[in-house]
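User: I'm new to this one and would like a close look at a single part of it. Could you walk me through it in plain words?

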Amino acid sequence: MVKRVMVACVSSHLRKTGDGAKTFIIFLCHLLRGLREITDKEKDSFLFENIQTCGRHWKNCCRWKFISQAFLTFQTQILDYVMDHYLSRHFLSIFSSCTKERTLCRSSLEMLLGAYFCGRVGRNNQNLMSQLMCDYVFKCTACESRFEEVLELVDDCFVELKVGVTGLPVSDSRIIAGLVLQRDFSVYCPADGDIRIVIVTETIQPLFSISGSEFTLNSEAQFQTSQFWITERTKAIVKHLQNQNVKLLLSTVKQPDLVIYCAGLNGISVVECLSSEELSLIQRVIGLAPFVLPEASSQYELSHTALAKFCKPLILRSKRFVHLGLMSTCSFAPHCIALCAPVQGLVEQHENALHGAFKMLRQAFKDLDLNCVTQTSDQSCTSGPCIYKNSRESNELPKIVNSSIQRSYQDTVVKKKGELAKTQTNLKVCSNLIVPSVKLEQNVLCSTPKVAVTDSYQTDETLRCSSPNKGRIMDDQEPFIESNSANSKPENTRRGISYENLQVTKLARKDSILPLRYKSLETCTSQSYYSSSIPAGCVLPVGGNFEILLHYYLLNYAKKCQQSEQTMVSRIIANAILGVPKILYKSKKGNYSFPQVYVRALQALQTNQPMISNQTGLESVAGKYQLLTSVLQCLTNILTVDLVINIKRQPQEVYDQDSEEEL
Amino acid sequence: MSRLEAKKPSICRSDPLTGERARASLAALKGLVMSCYGPAGRLKQLHNGRGGSVVTTSQSAALLAGLPVSHPVLKVLTAAVRNHVACFSDGGLFTAILCCNLVENVQRLGLAPTTVIKLNKHLLSLCTSYLKSEGCACRIPVDFSSTQILLSLVRSILTSKPACMLIAKEVDHISTLILRAFLLTIPENAQEHIILGKSIIVPLKGQRVIDSAVLPGILIEVSEVQLMKILPIKKSDSFKVALFCVSLSGDLSDTGEGTLLVSYGVSLENAALDQLFNLGKQLVSDHVDLVLCQKVIHPSLKQFLRTHHVIAVDRIGVSLMEPLSKVTGTWPIGSLGSISPSSYGSVKDLCIAKFGCKHFFHLIPNKTTICSLLLCNRNDTAWDELKLTCQTALHALQLTIKDPYALLGGGCTETHLVAYIRHKTRNEPESVLRDERCSQTELQLITEAFCSALESLAGSLEHDGGEILTDSKYGHFWSVQANLPSAVNWPDLPSRCGCGLYSSQEELSWSFLRSARHPFPPQTCLSREATGSADTLTLDCFTAKLSGLQVAVETASLILDLSCVIEDTN
């Protein structure tokens, strides 16, 4: 089951970024292994505290849940912080100049693509593919500075921009100027010069009756006159197109024989049955809206036309295709890639690799925002109001959750709507708010024991994940806990069942003060975000550079960090990420073996010298960053599941049967 | 109720090439294709236990199409060969054998796939650049002013397909026909882009091969009943033709998605028929002599046309539409209403011809690039094989127009290439070793594997246990009879090399093909006199063979690169 979740996560990641599937799995496996080691170690300490009747299983789940929250916190805060403060100084840029006007550097692009294709296509085709793709990117980019748009368009419409040809050697793959539509002309009339194009989305020949209407025939004569009218009208429209000098008719539907005949007589080439994807591509390239049939066939100025430089049949592997030289109105200069290979499977492999490469480039050339907040207003102020709502449930808590407070807490969160849920999502997705301990202390100080009954686990969560360096918070609150206990005694005493519960209760009590703080803080919600980003086109050399850097800085961070949880998470991640370069260098020996490389890199880092990479090739930092966040999200997904219910029946059919029987 | 079966897990096999099963099936396929190769190749008979016709063949196209292959590696291999054949028609067996040989030879070496693939690619580029270079001695330019080389090319293709069951005289006849059919498709006033016409192969089974013929224009087969209805054709120097692509049967065409209400007493059939008669009247008044229809013509309209001395032929089918429109110069009419006079065409003459037991309606054009190749053979299987061969030959000729070269056949290109590669890698290995980062030994081993794959390919031309020799001047292929008394001085025996370019009159030193020899530089630059002197050469299509070579090496690399096969058995 875990595997299925993993596969689903990997494929969704791949769909978005087109890169890193293997790293994803390796990293995730190492993370899980790291986690298991940690929990195995700690097991003993649990056991003797776990005298109560609560099952081991639930206990573990609590723990996993706990850890997953810690990972989330890491992903949303520490990772960005480390990326921004430490790693960013090592980043290289793929652009040749760092000025405002960014120009793509061909050799760096080739290195980036070379590294990408390295793991995706056969060894003998790697160079060829990266050359081909490089050429393609440069040929398609009409305007140097707007290649992001080009990449976006190519990624979206890639299926329409490639032609697969089987039976030819791979080396025959090439770039074709213009668009290739994978069908033949219905009528082809050779024409010179610029070719005026019209797009239609309905049949030009009028029909007897349209859907939902009725046409009554009262006599044979009526039938004949209507047919005559249809013929004449069709002719008139086609003639009209010819008068407007239209030479090519692109149709999304199949046109009747009569239309084809008339078009042929009037020297108009026709291409029928364009798919909606092809149509949208053509529309994006030439910005042409479909031609609306005029109500009256009188003088009707044709406004929706575009021009093509040429329009001719193209023969690939004894099959005829339509070859259009559209005059682009956007930054994309239309070109197609003909991918040749001896077998279909290889064509598909290359197609997927190219498509992935475009996705990767698209991501690499986007600015990626990092949320690094050093000084903020308190996050919990938003959560304040909900705490009162919470109170009812939290009062019941001890009964429901004897051993799984965390779980019920989760439930509460899920049930809650409105602000609480909002806060929670904020928390999960993008909260990078770091609560400075100083402020917290202040808040704590001005709190009164009166409100302490309204405790909430939700805010406790907020506190826990809010700051990496607020290890002292709990200490600060010690006095209040005591004072609180007077009011909330019944609950607290019952909660002190297990080690974990105890901890949670403690925190909960601490949170009980928050409503007040909310008030006190409302006036001073001065937010000062320090947000940074990974600029577009950031790259690092391949060969585990990113991983080693991250490992190094995370360990450093972990050393500085006082909170035990964050230290642990950072350590786990730092060690797990090292698994990637370990595998990369597995087959290497001697000076290039992993320990050697690792030691050299560490030395370089410690002495502030540039790291030397023995491999040529670059990889996108944005891709790596996204990979990390995806893996961490997947991991939290996996960890939060406490029970897998295995249903051994076919999902659809059996379900219906059962429900009938039950009824 | 359908039975539900639990989903089986996928089968994952690592190292798909090392298993005994893989080796055995690869060897089986190799044996199969090798035994078919060349003029002396053995025929294969394909039966399907469930019925269907029996195919006797030695061509890769027919063989691989009917051959069930289960091993994933072989599936890749056969798919590659079939795709190659679909593109080039020729060189399928060549590709298959070379690919099998390469995989087998390299597999035996046990080197890392990375090195093998890199070096194979390098050797391939060595071959292709040599074959494309001016100094290439196994490639001859094709002279379109004489038929000699073209005829040799066609003849080589015909003789290499023994399942056609042709005797020498028939081979001559058919090769002349094929060449004539091809020349008829070339337009007279050739501009920058030549658009070739089409030669339509018309089947006539059960006749003697010698009865085959090439006719300009189009033959439309008509049944005897239809023939009775066709009037005697009047004498004229030009006939006006109307070609319809819409049905003339009076059925209602698309009326839209809504409903069509017809009042009681209104007969749409009559209305439609009226319309057809109006059309008929227009055709008659436009003095059309011949009406051709892709679909069906209503019997009443036919009758009407006949009474007005217009010949009507229907049910022509979509495949003949394009050639017909070209031959007659008509624009296929898609309207039952008024017909534009510009869409009529004409033919020079019409006649009814009888070939064998079949009657044909023969349209003779004024000037066009369409011709009909009436192909006869004794039985169905032989006819099928002959048809495939003719298509291959026509395709090879078309490819030759694009790239006006031919390669020496009969194994000479292969042995010559081997000599060239051996010499090149022995004498100039530095650049390779530097670029590809490999050791001298690795280069030697892989070159040897590559060369022996090519040699074994050439060697598979010999099926009767003969010995194969190669000379040390040109590096050509010489075959001698088996079981020669050792006393005879065998080097004197072969009179001509495999391609027929050189004779043994010259002072040549021979050695056995697969024996250890010292690498020698084969003589490059073909002399003009040499190609002129030999009257019949064995030639191969340049484009097809070059691409086959590339496909074979690339597919072998692909197969060698496989480390795991995952099969979904559901």
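This is a predicted model: local features need pLDDT of at least 70, side-chain atom pairs count only at pLDDT 80 or more; totals for chains, interfaces and linings use all residues.

How do H5(B) and H17(B) lie to each other, roughly parallel or roughly antiparallel? Once that's clear, please show me what surrounds this pair.

Let's start with your pair. Helix H5 of chain B covers residues 113–132, and helix H17 of chain B covers residues 542–560. Their axes are 9 Å apart, and the angle between them is about 175°. Anything over 145 degrees counts as roughly antiparallel, so H5(B) and H17(B) are roughly antiparallel to each other.

Who does the touching? On the H5(B) side, the contact is made by B:Pro113, B:Val116, B:Ile117, B:Asn120, B:Leu124, B:Cys127, B:Thr128, B:Leu131 and B:Lys132. Facing them from H17(B) are B:Phe542, B:Leu546, B:Leu549, B:Gln550, B:Val553, B:Ser557 and B:Leu560. Sort the residues of this contact by class and you get eleven nonpolar, four polar and one charged.

Now step back to the chain that holds the pair. Chain B has 570 residues, and 51% of them count as buried. Its secondary structure comes to 17 helices and 21 strands. Along its principal axes, the C-alpha trace of chain B spans about 95 × 70 × 45 Å. If you take the contacts in chain B between residues at least 6 apart in sequence, 75% of them join residues at least 24 apart. As for its surface, chain B exposes about 26,000 Å², with carbon and sulfur atoms supplying 53% of that.

For another helix pair to set beside yours, hop over to chain A. There, helix H1 (residues 2–17) and helix H11 (residues 344–364) have axes that come within 7 Å and cross at roughly 75°. That angle makes H1(A) roughly perpendicular to H11(A). In this contact, A:Leu14, A:Arg15, A:Lys16 and A:Thr17 of H1(A) meet A:Gly356, A:Lys359, A:Met360 and A:Gln363 of H11(A). By class, the contact of H1(A) with H11(A) has two nonpolar, three polar and three charged residues.

Chain A has 27 helices and 15 strands. Of its 663 residues, 53% count as buried. Among contacts in chain A between residues at least 6 apart in sequence, 82% join residues at least 24 apart. Chain A exposes about 30,500 Å², and carbon and sulfur atoms supply 53% of it.

A:Val200 sits in strand E5 (residues 195–200) of chain A. With a relative accessibility of 1%, A:Val200 counts as buried. Its contacts, leaving aside neighbours within four places in sequence, are A:Leu249, A:Leu250, A:Ser251, A:Thr252, A:Gln255 and A:Phe291. The C-alpha atoms of A:Val200 and A:Val292 are separated by 7.2 Å, though the two residues are 92 apart along the chain.

Finally, a word on confidence. The mean pLDDT of chain A is 71, and 67% of its residues reach 70 or more. Over residues 374–530 of chain A the pLDDT is below 50, yet this stretch has 230 contacts in the model beyond near neighbours in sequence. For residues 654–663 of chain A, pLDDT also stays under 50, and the model has five contacts beyond four places in sequence there.

Definitions and conventions. Residues are numbered from 1 along each chain as its sequence is written. Chains are lettered from A and ligands numbered from 1 in the order in which they are written. Side-chain values use heavy atoms; hydrogens and water are left out. Axes are lines fitted to C-alpha atoms, for helices over the stretch in contact, and angles run from 0 to 180 degrees between N-to-C directions. Helices (H or I, at least four residues) and strands (E, at least two) are DSSP runs, numbered from the N terminus. Angles under 35 degrees count as roughly parallel, over 145 as roughly antiparallel, 65 to 115 as roughly perpendicular and the rest as oblique. Contact means heavy atoms within 4.5 Å. Ala, Val, Leu, Ile, Met, Phe, Trp, Tyr, Cys and Pro count as nonpolar, Asp, Glu, Lys and Arg as charged, and the others, Gly among them, as polar. Buried means under 20% relative accessible area, exposed over 50%, partly exposed in between (1.4 Å probe, protein chains only). Accessible areas come from the Shrake-Rupley method with a 1.4 Å probe; for residues, only the protein chains shown count as cover. pLDDT is the predictor's confidence in each residue, from 0 to 100.
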